[in-house]
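These entries record what I looked up in one model, element by element. I began with the terms and then turned to the helices.

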Amino acid sequence: MNENLGAQVRSELFKRKMKQKELANMLGISDVYLSDIIRGRKDGPKAQEHIKHICKILGI
């Protein structure tokens, strides 16, 4: 995930008063894995699928 998209995700979570753990639960992944995706540490095909779902859930 690029830095801009990561910042958008964090901003949207803040606006919604939502924790990363809640989003991770919605996606069915661990909060550590979600954090790695947001920070750009994970970017494989599976992570790309999760990024699409994150954007859909948060409307970004």
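**Terms and source.** I took buried to mean under 20% relative accessible area, exposed to mean over 50%, and partly exposed to mean in between, with a 1.4 Å probe and protein chains only. Helices are DSSP runs of H or I with at least four residues, strands are runs of E with at least two, and both are numbered from the N terminus. The model is predicted, so I kept in mind that local features need pLDDT of at least 70 and side-chain atom pairs count only at pLDDT 80 or more, while totals for chains, interfaces and linings use all residues. Residues are numbered from 1 along each chain as its sequence is written, and side-chain values use heavy atoms, with hydrogens and water left out.

**Helix 2.** I looked up which residues of helix 2 (residues 20-27) are buried, and found Leu-23, Ala-24 and Leu-27. They lie on the same side of helix 2, because they cover an arc of only 100° around the axis; the arc is that of the directions from the helix axis to the C-beta atoms. Asn-25 and Met-26, on the other side of helix 2, are exposed. I then checked what covers the buried residues, and the cover includes helix 1 (3-15), helix 3 (31-38) and helix 4. Contact here means heavy atoms within 4.5 Å. Just after helix 2 I noted Gly-28, with a positive phi of about 80°.

**Leu-23.** I next examined Leu-23, which is in helix 2. Leu-23 counts as buried because its relative accessible area is 0%. Leaving aside neighbours within four places in sequence, Leu-23 is in contact with Leu-13, Met-18, Leu-34, Ile-54, Ile-57 and Leu-58. I also looked up the pair Leu-23 and Leu-58: 35 residues separate them in sequence, and their C-alpha atoms are 9.2 Å apart in space.

**Leu-13.** Leu-13 is a residue of helix 1. With a relative accessible area of 4%, Leu-13 is buried. Not counting residues up to four places away in sequence, I found that Leu-13 touches Met-18, Lys-19, Gln-20, Leu-23 and Leu-58. Leu-13 and Ile-60 are 47 residues apart in sequence, and 11 Å apart in space from C-alpha to C-alpha.

**Lys-17.** In the loop between helix 1 and helix 2 I came to Lys-17. Its relative accessibility is 76%, so Lys-17 counts as exposed. I noted a positive phi of about 50° at Lys-17, although it is not a glycine. Most residues other than glycine have a negative phi.

**Helix 1 against helix 4.** How do the two helices cross? Their axes come within 11 Å and cross at roughly 40°. The axes are lines fitted to C-alpha atoms, for helices over the stretch in contact, and angles run from 0 to 180 degrees between N-to-C directions. Helix 1 and helix 4 are therefore oblique to each other; angles under 35 degrees count as roughly parallel, over 145 as roughly antiparallel, 65 to 115 as roughly perpendicular and the rest as oblique. I listed the contact as Leu-5, Val-9, Glu-12 and Leu-13 of helix 1 with Ile-51, Ile-54, Cys-55 and Leu-58 of helix 4. By class, the residues of this contact are 7 nonpolar, no polar and 1 charged. Here Ala, Val, Leu, Ile, Met, Phe, Trp, Tyr, Cys and Pro count as nonpolar, Asp, Glu, Lys and Arg as charged, and the others, Gly among them, as polar.

**Helix 3 against helix 4.** The axes of helix 3 and helix 4 come within 11 Å, with a crossing angle of roughly 90°. These two helices are therefore roughly perpendicular to each other. From helix 3, Tyr-33, Leu-34 and Ile-37 meet Lys-46, Ala-47, His-50, Ile-51 and Ile-54 of helix 4. I recorded 6 nonpolar, 1 polar and 1 charged residues in this contact.

**His-50.** His-50 lies in helix 4 (residues 45-58). It counts as buried because its relative accessibility is 10%. Not counting residues up to four places away in sequence, His-50 touches Leu-27, Ile-29, Tyr-33 and Ile-37.

**Helix 3 and Asp-36.** In helix 3 I found Leu-34, Ser-35, Asp-36, Ile-37 and Ile-38 buried. The buried residues of helix 3 pack against helix 1, helix 2 and helix 4. Asp-36 counts as buried at 16% relative accessibility, and touches Arg-41 and Lys-42, not counting residues up to four places away in sequence. Gly-40 follows helix 3 and has a positive phi, near 85°.
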